[in-house]
Amino acid sequence: MNRIKTLTLAVATAALAASTLSAQARDFRLGLITPPQHLWSTEAEAFAATLAERSDGEHSVSVFPAQQLGNEAQMVQQLQTGALDMAFLTIAEISNRIPDFGALYAPYLVDDVDHAARLLRSETAGELLELMPAGVGMVGLGYGMVGMRQVLSREPIDTAADLEGLRLRITPFEPIRDFYTAAGAAPAPMPLLEVYDSLANGQVDAIDMDFDSILILKFYEQADNLLISNHMMFPMVGVVSGRVWSELSEQDRELIETAMSEHLENVLTGFQQKDAAQEAEIRELDLNIVEADVEFFPEAIAEWESVWADKAPMLEDLREQADQLRE
């Protein structure tokens, strides 16, 4: 009788342990705005595979690219409530809520993609991530990016004065809006997947864009003038909902953070590796190309600095860090 009771207790204990393990297993949902072929999206899928493998199949990640779960403002709301578990977000939407992140978009803060990657790996950039739990209810696990910002337009832009009055597509956030407003353009916030048709039908005159998206989404088919200015970097951050994070064990937190950090690093190195080749490919297209540097936008830069120096106190520290990382 005692043996039967012992066996029954053992079975019950095993069943409870299995039930607890099952309760911890999760199918996370990760949202992005980029199309499936974009490096952010492919690395999100790779992260999903890594997490599944390292958790021995206990955890899985379903990836939703191309704004399937809404735009970034909507995804941020979902992350804050715990309805969405994870996301790869442009810093744009974060900077709308934590102005210090806007400092990462300072005109000519960095020289090129290599310089941008070094800054995003720095301790100073890491300090910004520490503001996210209290500021937006999310945990930031690291940075990615796309290439530097350029201006692709339907009509030539030979001087800064040619920006005057142009309806210019931007990602919807304040730092880049303020820059183009100061330059005299009319910034037009617009989702990435609407840009091609908007160029085609003349809804916008120009777009703020990186080499990668210009090539992947073939925007050059609808606008044949390119201002290669490299005037801003464009960071991305990998995040987990703060509500979801609070429910995870320390072991799962470490597992997720390690795996996501690796794939965010792949995004950084990926754009470092392909930037030069993409610029060369673009230069082979039938485009009218004009080169620009910091002297092209002196008034716009000065006006931007006058606004954001007070709004984003971290700007001074980031500039100091960026100067130290120049090669």
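## Aromatic cluster

In this predicted model, one aromatic cluster is formed by F179, Y180, F296 and F297. Rings of Phe, Tyr and Trp (its six-membered ring) are paired if their centres lie within 6.5 Å, with planes under 30 degrees apart counted as stacked, over 60 as edge-to-face and the rest as tilted.

Local features need pLDDT of at least 70 and side-chain atom pairs count only at pLDDT 80 or more, while totals for chains, interfaces and linings use all residues of the predicted model. Residues are numbered from 1 along each chain as its sequence is written, and side-chain values use heavy atoms, with hydrogens and water left out.

A search of the whole structure finds 7 aromatic pairs. Among them, Y105 and F173 form a tilted pair, at 4.4 Å centre to centre and with 50 degrees between the planes. This pair links distant parts of the chain, 68 residues apart, with Y105 in the loop between α4 (91–95) and α5 (113–120) and F173 in the loop between β6 (167–170) and α8 (174–182); helices (H or I, at least four residues) and strands (E, at least two) are DSSP runs, numbered from the N terminus. Y105 is buried, with a relative accessible area of 0%, and F173 also counts as buried, at 3%, where buried means under 20% relative accessible area (1.4 Å probe, protein chains only).

F179 and F297 form an edge-to-face pair, 5.3 Å centre to centre with 65 degrees between the planes. Both F179 and F297 are buried.

## Charges over rings

The charged end of R29 sits over the ring of F64, 5.2 Å from its centre, and K311 lies over the face of W308, 4.5 Å from the ring centre. A charge sits over a ring if NZ of Lys or CZ of Arg is within 6 Å of the ring centre and within 35 degrees of the ring normal.

Terms used:
Buried means under 20% relative accessible area, exposed over 50%, partly exposed in between (1.4 Å probe, protein chains only).
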